[in-house]
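Student: Could you show me how to read a helix and its rings in a protein model? I am new to this.

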Amino acid sequence: MLEKNMSKLEQHYPELYLGLTSCQYPVEDNINLTPVETNGYLNCRIKTQNAELFLHSAYDPSNEAEKWLSTLNQDVNFFVIVGGGLYHHIDYLVSKYPNKKILIIEPSYDILYNAVQRIDLTQYIENKNILFQVSQDTAELMMLLAQVLINKGIEKFELAYLTAYRQLYSSFCIDLERDIFNMIKTLRANIGTEYVHSRKWVHNTFKNLRKTNIDTYPLMSLFNKYEGMPALIVSAGPSLEKQIETLSNNLDKFIIIAAGSAVNALEKHSISPHMVVSVDAEEIQDNIFKNIKDKNITLAYSHSFRYSSLDLFQGKKYWFRGNADNIVDFYEESIGEKTDYIEIGPSCANEAMDIARRLGCNPLIFIGQDLAYTNEALYTKGVVHDLNMATDIGDRILVKDMYGKDITTKTAFLVMKAYFENYVRSHKSVNYINCTEGGLEILGMQHRAFKDVMAELSPLEVDIFKDIESKYKNTQNMFAQRNYRDNNKEFFNHVANEVEGISEKSKERLEKIQALKLSLPTLSIDQAQGKMDEIIDVTNQIENTKLHTSVLHSICAAYYLSVRQSSYSKLEGISDQKEKYKLLLEGIEKQYLYYEVILQSLIEAIKEN
């Protein structure tokens, strides 16, 4: 049995296979597993420091599994199950819902290995509707879950536990539920953001790709080059103003990384950060970057960054790939390259944090990271845009600040706060010190006075500006010897050819769906479905292209999800079949129209300047 299961795991889950083969059992010192049988069913007696229990019912695992199944919401199309155990409950679940998606989260390699030795898991390993993940890293699990929800277009899901796991892994279960709540909140915010900004992201990314590896170079070339050096991540929150004097007297003690518009606030006080980070696609970035005075500052940007701002910036430029950057993935696959990624969050301060960690910096020190309207202000003085609390769009939420006093924040800030906290839990090898001295507390970070931290640091032995300049020139010389200009030209020619064919098919299916909408009153449901089958055939031709599967699908997924959610919620109150069909067609038309918008943005971007 073991050999059979391991062979299938190696084929379908190579990382999980390697994890199992590299483990020395037992992995968990505080858990002792004894294989047993109860009423003819495989079971396992588990002893911990605090308890002794069975993995499944000590009396009737089958009856327990049947009762467990009856508690699940049959209306969802996706189940997230914590605990595979010996799969009695999974047997019932798959038998009743063979076409529903299932994510099985197994917190324990020991328990999984027990199952791999004793039962045939091949039917589940090979099942395309089932996904396995062995982890207690909730940040990793949230990334996986978010990708599944968006890429599969899943509207709702149910989280369920094998009963014993609630007791065995109580802290993990609590953390998981909390992080799922935060992930859903973040995902909803990101869906709204993508709805508004996807066209700009596509346009900017393809525009910026023309310069990639020719005029700008991978930030990865700086990874781990500044091991053990402190980094100061500067955001433009209202509390930054009170830290300026201390910062001015300690400029030589760390690598200074400005998050977006914080660079202008710093330059107003004659402080030049070593690096500025930006991912923002909006035109307002032009105001920020045309006002940067010091050409010694280095820019680190994602390809979604406003393309005209990239042209305006006069200093050294490094690009980075995000962890969900499908367009850059597609580009790198086309030219035969692969760079390490930066973890992308809801704020450029989140990216700045990961950049500092990837550079090798430790500790990471934060100032200006209020995440709230400290003293009724949105930004510190000196930022070049004119946003303030009165003009800023968003909700208002009254919470407690880090000192226990009432303060106003908004959902977007709380999403950023949740991201920081998840990140800190996920990357524990780094010391995080929040010296903002205002705004919201960020759990997992030390909160200390900036002056006290500065008193403990010594000046760096290297001039960071000169060191980055030297490394940049070395990278520039190395890349000049490669054939990236021709590679990029070949890539854009390929994209242009493929997008031309997709565009023709996209227009064809849009015309067909609009014609079907108009003729629907005169058609029977069967006739309408016949017309719909023709549209599906055209859609399949589009979706079988490499450009669609690698790029366009992921760009449109979140918007498609929001349209489907809206359509399905309206269907509940409609009984007439024709009216239901009409509503579905309207939703599909919205999706196809949006696809056209994205396509035209791409076509415009790949035109030669």
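**Reading a helix and its rings**

Tutor: Gladly! This model is predicted, so local features need pLDDT of at least 70, side-chain atom pairs count only at pLDDT 80 or more, and totals for chains, interfaces and linings use all residues. Residues are numbered from 1 along each chain as its sequence is written, and side-chain values use heavy atoms, with hydrogens and water left out.

Student: Which residues of helix H1 are buried?

Tutor: Buried means under 20% relative accessible area, exposed over 50%, and partly exposed in between (1.4 Å probe, protein chains only). Helices are DSSP runs of H or I with at least four residues, numbered from the N terminus. In H1 (residues 2-12), Asn 5, Met 6 and Leu 9 are buried.

Student: How do Phe 206 and Phe 492 pair?

Tutor: Rings of Phe, Tyr and Trp (its six-membered ring) pair if their centres lie within 6.5 Å; planes under 30 degrees apart are stacked, over 60 edge-to-face, and the rest tilted. By this rule there are 21 aromatic pairs. Phe 206 and Phe 492 are edge-to-face, with 6.5 Å between centres and 75° between planes. Phe 206 is buried at 0% relative accessible area, and Phe 492 is buried at 4%.

Terms used. Helix = DSSP H or I, 4+ residues; strand = E, 2+ residues; numbered from the N terminus.
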